[in-house]
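Dear colleague,

Please find below the structure for your review.

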Amino acid sequence: MTRPTLIDRDRACVWHPYTQMLTAPPPLPIVRGEGAYLYTEDGRRLLDGISSWWVNIHGHSHPRLNAALAAQAQQLEHVMFAGCTHPPAVELAERLLAVLPPGLTRVFYSDNGSTAVEVALKLACQYWGNRGEPSRRSFIALHFAYHGDTVGAMSASEDSIFTRPFAPMLFTVHRAHAPYCYRCPLGLERATCAIECLGDLERLLTEHGDSIAGVLVEPMLQGAGGMIVWPAEFLAGARRLCDRHGVLMIADEVLTGFGRTGRMFACEHAAISPDIICLSKALTGGYLPLGATATTESVYEAFLSDDRTKTFFHGHSFTANPLACAVAIASLDLFRDAGALERVHDLEGWLRQGLAPLASLPAVGEVRVIGGVGIVELVKDKAARTAAGYLDHLGPQLARAFLDRGLLLRPLGNILYFMPPYVVTESETAWAIEQIHEVVAGLPA
Ligand SMILES: Cc1ncc(COP(=O)(O)O)c(C=O)c1O
């Protein structure tokens with residue numbers, strides 16, 4: 001009898017995320033990673049064009065991150081974080097606050113992007129309760145938002161096939177226009193508009209006034225909802241409106257944080273600071289699950305009281321895991337010593353230049369680039385800008401075509417994007433763009 005492969009064994013006992021286990025093709029058996037590449041059990045080399053779900057920035061199996069992880073494992077692998085502290089958690093908080101947008105002074109750790117958002121929503125809700133305004137407990141989020149898969153994060157996300165089965169569990173969130181310029185909600189053109197779409201956020205803030213706790217946004221790049229790139233003016237305007245209406249602004253930088261949009265944090269594009277920021281994904285360079293939610297001192301101070309009911313009663317077994325914190329510190333070191341952000345600037349240039357010619361292909365509606373993310377929005381009808389949604393067969397078909405060429409991508413339906421680790425080289429980028437160009441050129445007009 002032949003020995004079962006990794007795929008055979010997987011199929012017998014594992015349940016994968018976002019996967020229809022009856023019909024999905026077998027998973028890729030990945031046994032090794034190095035730099036921008038992943039290697040399969042059967043010896044194939046794949047360029048990781050999706051940064052392993054947007055988390056990897058310095059490349060796989062990076063020697064400096066490996067060393068930090070190994071060194072920390074020799075000292076302390078984990079300890080509970082209520083009533084205890086440890087050097088990596090404290091140093092990471094210090095280091096984060098030194099690079100985060102100004103005004104953020106406190107770091108609350110959790111486990112992943114969804115929990116970082118969940119913590120932000122719970123903090124905002126209790127903040128108002130602690131301050132004697134308990135009626136402020138609703139949130140405004142944007143169309144096309146994606147904030148994660150826990151119940152609060154799903155509630156804040158746009159209604160979709162990802163959230164619909166759980167609708168009875170979700171709370172209502174007011175939804176404002178997003179600045180999706182290619183599909184402008186007001187039918188305007190970016191070249192001549194004055195960001196009139198902000199009016200919807202203003203209307204909701206006015207209508208719901210004292211019931212609003214906060215406004216939650218994915219600054220500059222709305223990811224899973226369609227890789228929508230914003231004009232920075234929208235972000236600046238949202239901050240102004242939050243100030244004017246006295247509500248908290250929560251920036252979900254789970255995807256955008258740590259250089260992905262070309263700035264360390266996307267809020268920098270509009271020179272704004274949120275009241276609360278959510279971080280995860282690239283926080284550990286993509287090594288280990290870790291979430292962080294940072295707040296201003298004034299948010300923090302609302303929880304200080306002799307009255308113990310004003311405590312923030314939230315935590316997880318692995319809060320501030322020392323191994324994850326140590327790798328996150330080493331990742332910040334690579335921004336300081338190894339020019340990680342400069343690499344993103346180079347990558348942005350290669351993407352802009354390389355992807356521009358795709359705009360004239362019949363199947364391409366728009367090409368968008370921000371920082372280290374190149375996006376190609378595919379359409380069925382270029383003039384009418386029509387496209388199918390996430391469940392369209394196009395996504396998996398394209399993914400397969402790229403896989404055959406050695407490029408790992410996972411299109412969001414008709415939204416094709418290339419988001420590699422920052423260590424990708426100019427020639428690797430050019431090669432990936434060539435694959436994308438060839439495959440998209442072969443699509444029926
Ligand atoms: C903007 C944003 N927020 C939150 C999340 C949830 O993060 P996680 O998958 O780590 O729970 C994601 C994940 O893609 C995201 O893109």
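This is a predicted model: local features need pLDDT of at least 70, side-chain atom pairs count only at pLDDT 80 or more; totals for chains, interfaces and linings use all residues.

The largest pocket holds about 1600 Å³ of space. Its lining comprises 42 residues, and those closest to the pocket centre are Tyr18, Thr19, Ala24, Pro25 and Arg410. At least two lining residues come from each of α1 (6-13), α2 (51-54) and α12 (394-404). The greatest contribution is that of α12, which provides seven residues. Sorted by class, the lining of the largest pocket consists of 25 nonpolar, nine polar and eight charged residues.

As regards the ligand, the residues around it include Trp54, Tyr146, His147, Glu218 and Lys281.

- Asp252: a polar side-chain atom is 2.7 Å from a nitrogen atom of the ligand.
- Gly113: a backbone N or O atom lies 2.9 Å from an oxygen atom of the ligand.
- Asn112: an N or O atom of the side chain is 3.4 Å from an oxygen atom of the ligand.

Finally, Asn56 sits in the loop between α2 and α3 (63-75). With a relative accessible area of 2%, Asn56 falls under the 20% limit and therefore counts as buried. Its side chain forms a polar contact of 3.5 Å with the side chain of His60. Leaving aside residues up to four places away in sequence, Asn56 touches Ser51, Arg260, Gly285, Gly286 and Pro421.

Definitions and conventions
Residues are numbered from 1 along each chain as its sequence is written. Side-chain values use heavy atoms; hydrogens and water are left out. On a 1 Å grid over the protein atoms alone, a cavity is a set of points where a 1.4 Å probe fits but cannot get out, and a pocket is an open set with protein on both sides within 12 Å along at least five of seven lines; lining residues have an atom within 4 Å of a point. Grid points are joined across faces, edges and corners, and a volume is the space filled by probe spheres set on the points. Helices (H or I, at least four residues) and strands (E, at least two) are DSSP runs, numbered from the N terminus. Ala, Val, Leu, Ile, Met, Phe, Trp, Tyr, Cys and Pro count as nonpolar, Asp, Glu, Lys and Arg as charged, and the others, Gly among them, as polar. Buried means under 20% relative accessible area, exposed over 50%, partly exposed in between (1.4 Å probe, protein chains only). A polar contact is a pair of N or O atoms within 3.5 Å; within protein, one must be able to donate a hydrogen and the other to accept it, and residues adjacent in sequence count only if both atoms are side-chain atoms. Contact means heavy atoms within 4.5 Å. A residue is near a molecule or strand if one of its heavy atoms lies within 4 Å of it.
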